[in-house]
Amino acid sequence: MPVIALNANSSPRRRNFSLAHELGHFLSLWHKPVGDAGFQCSRKDMVEGKQHSQHLRQEAEANRFAIELLAPMRLMKPFVMCEPGLSQIISAGERLDISKAAAARRYVELHADRLAVVFSQHGRMTAYVRGEGFPFLRPRIRERLPELDRSWPLGAPTQ
């Protein structure tokens with residue numbers, strides 16, 4: 001009998017995403033565990049990118065299933081039909097009860113404008129997502145980010 005175990009120390013939003021992710025594995029007929037212990041998904045496995053192994057391809061597919069389940073286009077539509085801005089991402093995350101990071105990724109994916117979002121912690125980039133048509137940049141993870149001009153309002157688009 002399949003069992004899904006969730007980290008009780010995670011936030012409710014993280015647990016919801018993890019549950020949807022694991023359901024994606026369970027409902028995909030072609031997903032097969034790569035080890036004897038079944039599917040063992042780590043935080044590192046959740047990062048999107050080039051999937052060179054069966055395990056990482058399955059993780060990416062389970063992530064896609066989870067975000068489609070938790071933030072389908074019909075629920076995201078009111079947010080992506082407006083001018084782009086961080087306030088729309090934050091509102092989408094609160095309304096759909098998903099993390100800001102998940103909301104940002106989905107927002108960039110669905111918005112008609114060419115957008116990108118950079119995630120940072122302590123002044124260093126931790127991840128980024130760029131939408132279709134956004135110019136390709138080669139940012140380096142853990143690279144120190146430049147100081148921002150504090151006179152810009154939060155979420156103001158840059159030209």
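Me: Which residue takes a positive phi in the hairpin of β1 and β2, and how many residues lie between the strands?

Reply: Strands (E, at least two residues) and helices (H or I, at least four) are DSSP runs numbered from the N terminus, and two strands pair if DSSP finds at least two bridges between them. Here the hairpin has 2 residues between its strands, and His122 takes a positive phi near 55°. This is a predicted model, in which local features need pLDDT of at least 70 and side-chain atom pairs count only at pLDDT 80 or more, while totals for chains, interfaces and linings use all residues. Residues are numbered from 1 along each chain as its sequence is written, and side-chain values use heavy atoms, with hydrogens and water left out.

Me: How many bridges join β1 to β2, and which residue stands opposite Phe119?

Reply: The two strands run antiparallel and are joined by 6 bridges, with Ala127 of β2 opposite Phe119. In the chain as a whole there are 5 helices and 2 strands, in the order α-α-α-α-α-β-β from the N terminus.

Me: What does the largest nonpolar core contain?

Reply: A nonpolar core is a set of buried Ala, Val, Leu, Ile, Met, Phe, Trp, Tyr and Cys residues joined through side-chain atoms within 4.5 Å, where buried means under 20% relative accessible area (1.4 Å probe, protein chains only). The largest one has 22 residues, and Met76, Ile98 and Val117 have the most contacts inside it. Its largest share, 5 residues, comes from α5.

Me: Which residues does Met76 touch?

Reply: With contact taken as heavy atoms within 4.5 Å, and leaving aside residues up to four places away in sequence, Met76 touches Ala71, Ala92, Leu96, Ala103, Arg106, Tyr107 and Leu110.

Terms used. Buried means under 20% relative accessible area, exposed over 50%, partly exposed in between (1.4 Å probe, protein chains only).
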